[in-house]
Amino acid sequence: MNGLLRKVLRSGTMISAAALMSSALPGCGGSDTDGSGGPQGSDKNTYVLVHGAFVGAWAWDKVVPLLEAGGNEVIALDLPAHGEDQTPVADAGLEAYTDAVVEAIDSASRPVILVGHSMGGTVVSQAAEQRPDKVKKLVYLTAFLMKDGQSLSQEWADDEGAAIKAYAAASEDGTTLTFKEGWAADAFCQDCSPEDVARLESHLREEPAKPFDEPIHVTEERWGRVPRVYIEALKDLAISPAEQKQQYTALPCERVISIDAGHAPFMTKPKEVADALRSL
């Protein structure tokens, strides 16, 4: 793990995320505070759901049946070394993550709506770069939306509102990350029920550190031609609302949708997440 990520983990402080008022952006279709986004089309979609760090495909369990109830196909996968996947941490890098998502995209019978949460934003960007013609829409759910050459640790380093950094700890050899006690209820999902907090804690695994430092490589000709949507979480303490806004302002989106939730809206506001995705 490089010096930058170590600096990020050392400098984390408990700073409350300020509420962010949504507004229309140049290049974006405005913000839908109710998450509905207008009337739902009659066409069915295939959704590929990519989780973020420290969780697995199980994190989407409340959202999947809501999407499937409308007749849509849903693919929620475990990234390497996450959830039930037993890939060794040493083999779990951004390339391996991307390969897993590309395989899911290739298995679908039609172009997909590709959704990435948190760290998963880097993965869906890379997957769209590889399969731009097979991605109908890119959705960043309170996720890292970054330019070519940027890494997650670089983007995270300056986010003063990311209170969760105070809970992150690196292994002695720098190959994995984990969280200190209190991470789930205090910063990852402060708006979660006690049952959901317990579930988050019970699923916690050591997180591969390497992908945090690996830069993404995307081009306007491929990734850049896929329409993208940002779903911001207004109470997020892992990627602050200010940081989210900075990202989707630097890389304007077709639409910005707001959900009044912490970092895990798929657990606390699953209907709003599903409604937002169905509206695309």
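**Strands, helices and contacts**

Me: In β3, which residue is the bridge partner of Y47?
Reply: Strands here are DSSP runs of E of at least two residues and helices are runs of H or I of at least four, both numbered from the N terminus. Two strands pair if DSSP finds at least two bridges between them. Five bridges join β2 to β3 (residues 73-77), and the two strands run parallel. In β3, the partner of Y47 is V74.

Me: What kind of model is this, and what average pLDDT does the protein have?
Reply: This is a predicted model, in which local features need pLDDT of at least 70, side-chain atom pairs count only at pLDDT 80 or more, and totals for chains, interfaces and linings use all residues. Residues are numbered from 1 along each chain as its sequence is written, and side-chain values use heavy atoms, with hydrogens and water left out. pLDDT is the predictor's confidence in each residue, from 0 to 100. In this protein 85% of the residues score at least 70, and the average is 88.

Me: Over which residues does pLDDT stay under 50?
Reply: Contact means heavy atoms within 4.5 Å. The model has 90 contacts beyond four places in sequence for the stretch in question, which is residues 3-41.

Me: How many strands does the protein have, and what share of its residues is buried?
Reply: The secondary structure comes to eleven helices and ten strands. Buried means under 20% relative accessible area, exposed over 50%, and partly exposed in between (1.4 Å probe, protein chains only). Of the 280 residues, the buried share is 55%.

Me: Which residues of β2 are buried on each side?
Reply: Five of the five residues of β2 are buried, so this strand is largely enclosed by the rest of the structure. In a regular strand the side chains alternate between the two faces of the sheet. Both faces of β2 are covered: Y47 and L49 lie on one side, and on the other are T46, V48 and V50.

Me: In β4, which residue is the bridge partner of V50?
Reply: β2 is joined by four bridges to β4 (residues 112-117), and these strands run parallel. The partner of V50 in β4 is G116.

Me: With which side chains does the side chain of T46 make polar contacts?
Reply: T46 is found in strand β2 (residues 46-50), and its relative accessible area of 0% makes T46 buried. A polar contact is a pair of N or O atoms within 3.5 Å; within protein, one must be able to donate a hydrogen and the other to accept it, and residues adjacent in sequence count only if both atoms are side-chain atoms. Leaving aside neighbours within four places in sequence, T46 is in contact with residues including I75, A108 and V112. Its side-chain polar contacts are with E73 (2.9 Å) and R110 (2.8 Å).

Me: Why are the buried residues of α9 on the same side?
Reply: In α9 (residues 241-250), P241, E243, Q244, Q247 and Y248 are buried.

Me: Against which elements do the buried residues of α9 pack?
Reply: An α-helix has 3.6 residues a turn, so residues three or four places apart point the same way. The buried residues of α9 pack against α5 (152-157), β9 (228-233) and β10 (255-259).

Me: Which strands are the edge strands of the open sheet of three strands?
Reply: The order of this sheet is β6-β7-β8, with antiparallel pairing. Three bridges join β6 to β7 (residues 176-179), where the partner of A168 is F179. The edge strands, each pairing on one side only, are β6 (168-170) and β8 (207-208).
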